[in-house]
Amino acid sequence: MKDLNYIKTPIKEELSRFDKYFRKAMSSDVFMLNLMVRYLLKSKGKQMRPMLVFLSSKLTGGEVTEASYVAATLIELMHTATLIHDDVVDNADYRRGFLTLHKIWKPKVAVLMGDYLLARGLLEAVAHSQYQLLEIVSGAVKEMSEGELLQIEKSKKLDIKEETYFEIITKKTAVLIAACTKAGAVAVSAGEEVAEQLKLFGLNLGIAFQIKDDLLDYDERSKTGKLFGNDIRERKITLPLIYALKNSEGRDRRKVLSILRKKNKTDDDVRQIINFVRKRNGLEYAEKVMNEYKDKALSYIAGYTNNEIYPYLTAFSDFVTGRKK
Ligand code: IPE
Ligand code: IPE
Ligand code: MG
Ligand code: MG
């Protein structure tokens, strides 16, 4: 598998310019805000969304425009904001190998910081009169909130259906990735049909992305900088467990359900569930489905196989499904 450095080759300069945009878009004169901004900049993520915006612009328009930078900045701001909120919701201790904002500054501060970044992002689009971008991204953020709420609603019952799982992950994750690929095309004035194809590429890749994120929760050796097993602790039933539960009965199944219902799960509880999922082939199944979504994603850009950016997008897709972080 090619690494992120390879994928960044055709957009190296763009990404370093993006860093300046991103810093500027977050800066504030308010002391406490600035403190948190510095903390966030220190613990930056993989920046896969900006990469996807730039690669999509180059694929469909041959170049990156000013509008692509605004799109990348807005989307990374939204992503950062929703992660801060998500970590409050999930009661997560670590993100990107650092303590989460709410663990350091209290949940109320983290909620407000997330709001601040959301607003800064939207203003970025308004300041550049990129109203179509504004429409694409606010639509995505609306769906992300719905997805997160739907997940909370469904976590009350333990027999969540696969169909519901896909609805949740499409909304909470895939829609923003689809916004990256679509906005990348829109930023270079690609036609409507092209923008729609790119969107579908992103949407399906985004589903694969979240399935992988859920698989990494089962991987003790992952390098995500998040605490493994947190989904199980927070009673978040994801694809591997849905499959394992569906294909089990009797004592085994009842035991797992009773562990899941416990409020405070021990490390041993978590391990028992992980072993159950392994034994019932839940991980293999989720991997199979993930790869199907990746292939489906690539089918939407199959018309570009001769484009010089195409190999980087296939490498990007392979990274999504093969990553350890
Ligand atoms: C994490 O996304 C949130 C999900 C949608 C699963 P990333 O894995 O892209 O997060 P960072 O930005 O690299 O930390
Ligand atoms: C992340 O959801 C997607 C968002 C809406 C931010 P998760 O809760 O599954 O992702 P991680 O594992 O915390 O990154
Ligand atoms: Mg969550
Ligand atoms: Mg989370």
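The legends below describe close-up views of the two ligand sites in a predicted model.

**View 1. The residues around ligand 1.** The shell around ligand 1 consists of Gly-45, Lys-46, Arg-49, His-79, Leu-83, Arg-96, Thr-173, Phe-209, Gln-210, Asp-213 and Arg-323. By class, two of these residues are nonpolar, four are polar and five are charged. Ligand 1 sits in the largest pocket. Two elements, H5 and H10, each give two or more residues to the shell around ligand 1. H10 provides the largest share of that shell, with three residues.

**View 2. Polar side-chain atoms beside ligand 1.** For Arg-49, a polar side-chain atom is 2.7 Å from an oxygen atom of ligand 1. His-79 also places a polar side-chain atom 2.7 Å from an oxygen atom of ligand 1. In the side chain of Arg-96, an N or O atom lies 2.7 Å from an oxygen atom of ligand 1. Ligand 1 taken alone exposes 400 Å², and the protein buries 90% of that area.

**View 3. The residues around ligand 2.** Around ligand 2 are Thr-82, Leu-83, Asp-86, Asp-90, Arg-95, Glu-148, Lys-172, Thr-173, Gln-210, Asp-213, Lys-226 and Lys-236. This shell is made up of one nonpolar residue, three polar residues and eight charged residues.

**View 4. Polar side-chain atoms beside ligand 2.** Asp-86 has a polar side-chain atom 2.9 Å from an oxygen atom of ligand 2. For Gln-210, the distance from an N or O atom of the side chain to an oxygen atom of ligand 2 is 3.2 Å. An N or O atom in the side chain of Lys-236 is 2.9 Å from an oxygen atom of ligand 2. On its own, ligand 2 exposes 390 Å², of which the protein buries 90%.

**View 5. The pocket and helices at ligand 2.** Ligand 2 takes up the space of the largest pocket. Helix H5 (66-89), helix H9 (162-186) and helix H10 (192-216) are the elements that each give two or more residues to the shell around ligand 2. The largest share, three residues, comes from H5.

**View 6. Residues found in the shells of both ligands.** Leu-83, Thr-173, Gln-210 and Asp-213 are among the residues around ligand 1, and these four residues are also among those around ligand 2. One of them, Gln-210, has an N or O side-chain atom 3.2 Å from an oxygen atom of ligand 2.

Key: Residues numbered from 1 in each chain as written. Chains lettered and ligands numbered in written order. Predicted model: local features only at pLDDT ≥ 70, side-chain atom pairs only at ≥ 80, totals over all residues. Heavy atoms only, no water. Near = heavy atom within 4 Å. Polar contact = N/O pair within 3.5 Å; in protein donor to acceptor, adjacent residues only side chain to side chain. Areas by Shrake-Rupley, 256 points an atom, 1.4 Å probe, with all protein chains shown as cover. 1 Å grid on protein atoms, 1.4 Å probe; cavity = no way out; pocket = protein on both sides within 12 Å on 5 of 7 lines; lining within 4 Å. Sits in = over half its atoms within 2 Å of the grid points. Helix = DSSP H or I, 4+ residues; strand = E, 2+ residues; numbered from the N terminus. Nonpolar A, V, L, I, M, F, W, Y, C, P; charged D, E, K, R; others polar.
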